[in-house]
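Subject: Structure for your files

Hello,

Here is the structure I said I would pass on. My notes on it follow below.

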Amino acid sequence: MVLRPARYAPTCCALHATLLDIPPGIGKSVFLLDLLHRLACMRRTVVLLSDLTYPSALLFQPAGDGGGVFAADNPIEFKEELNDPNTW
């Protein structure tokens, strides 16, 4: 498995991304969903943007932060969260 920085990041945000460069069918989507679940259990804020998994951007916030799960057609709706270095 090779981890390398992704080349694309929206110009609106100080976003850091990682690209998993591994063969198809090895479980990348399952790995990411498991990671999302673990981060949610740790009460972390997560933004999920994946055309393959879900057509909208999803924001997961802990209950103490006015939390819940929110969807948006455009990830710019989550600009504040994307600019927060603690957001995954």
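The chain has 2 helices and 5 strands, arranged along the sequence as β-β-α-β-β-β-α. Helices (H or I, at least four residues) and strands (E, at least two) are DSSP runs, numbered from the N terminus. This is a predicted model, in which local features need pLDDT of at least 70 and side-chain atom pairs count only at pLDDT 80 or more, while totals for chains, interfaces and linings use all residues. Residues are numbered from 1 along each chain as its sequence is written, and side-chain values use heavy atoms, with hydrogens and water left out.

Confidence

The pLDDT (the predictor's confidence in each residue, from 0 to 100) has a mean of 75 over the chain, and 74% of the residues reach 70 or more. Strand β1 (residues 2–5) has the lowest confidence, with a mean of 42, and α2 has the highest, at 88. Residues 1–10 have a pLDDT below 50, although this stretch has 18 contacts in the model beyond near neighbours in sequence. Contact means heavy atoms within 4.5 Å.

Whole chain

Of the 88 residues in the chain, 24% are buried. Buried means under 20% relative accessible area, exposed over 50%, and partly exposed in between (1.4 Å probe, protein chains only). The chain exposes about 6,600 Å², of which carbon and sulfur atoms supply 58%; the areas come from the Shrake-Rupley method with a 1.4 Å probe, and for residues only the protein chains shown count as cover. Among contacts in the chain with a separation of 6 or more, 24% are between residues 24 or more positions apart.

Sheet

An open sheet is formed by 3 strands in the order β3-β4-β5, with antiparallel pairing. Two strands pair if DSSP finds at least two bridges between them. β3 (46–50) and β5 (68–72) are the edge strands, each pairing on one side only. From one strand to the next the twist averages 20 degrees; axes are lines fitted to C-alpha atoms, for helices over the stretch in contact, and angles run from 0 to 180 degrees between N-to-C directions. The antiparallel strands β3 and β4 are joined by 4 bridges, and V46 has F60 in β4 as its bridge partner.

L36 lies in helix α1 (residues 28–41). L36 counts as buried because its relative accessibility is 13%. Beyond its neighbours within four places in sequence, L36 is in contact with V46, L48 and F60. L36 and V46 are 10 residues apart along the chain, and their C-alpha atoms are separated by 7.3 Å.

Around E81

Which side chain does Q61 join through a polar contact? It is that of E81, at 3.4 Å. A polar contact is a pair of N or O atoms within 3.5 Å; within protein, one must be able to donate a hydrogen and the other to accept it, and residues adjacent in sequence count only if both atoms are side-chain atoms. Q61 is in strand β4 (residues 54–61) and, not counting residues up to four places away in sequence, touches T45, G66, G67, G68, F70 and E81.

T87 is in the segment after α2 (79–83), and its side chain reaches the backbone oxygen of E81 at 2.7 Å. T87 counts as buried because its relative accessibility is 17%. Leaving aside neighbours within four places in sequence, T87 is in contact with T45, V47 and E81.

Regards
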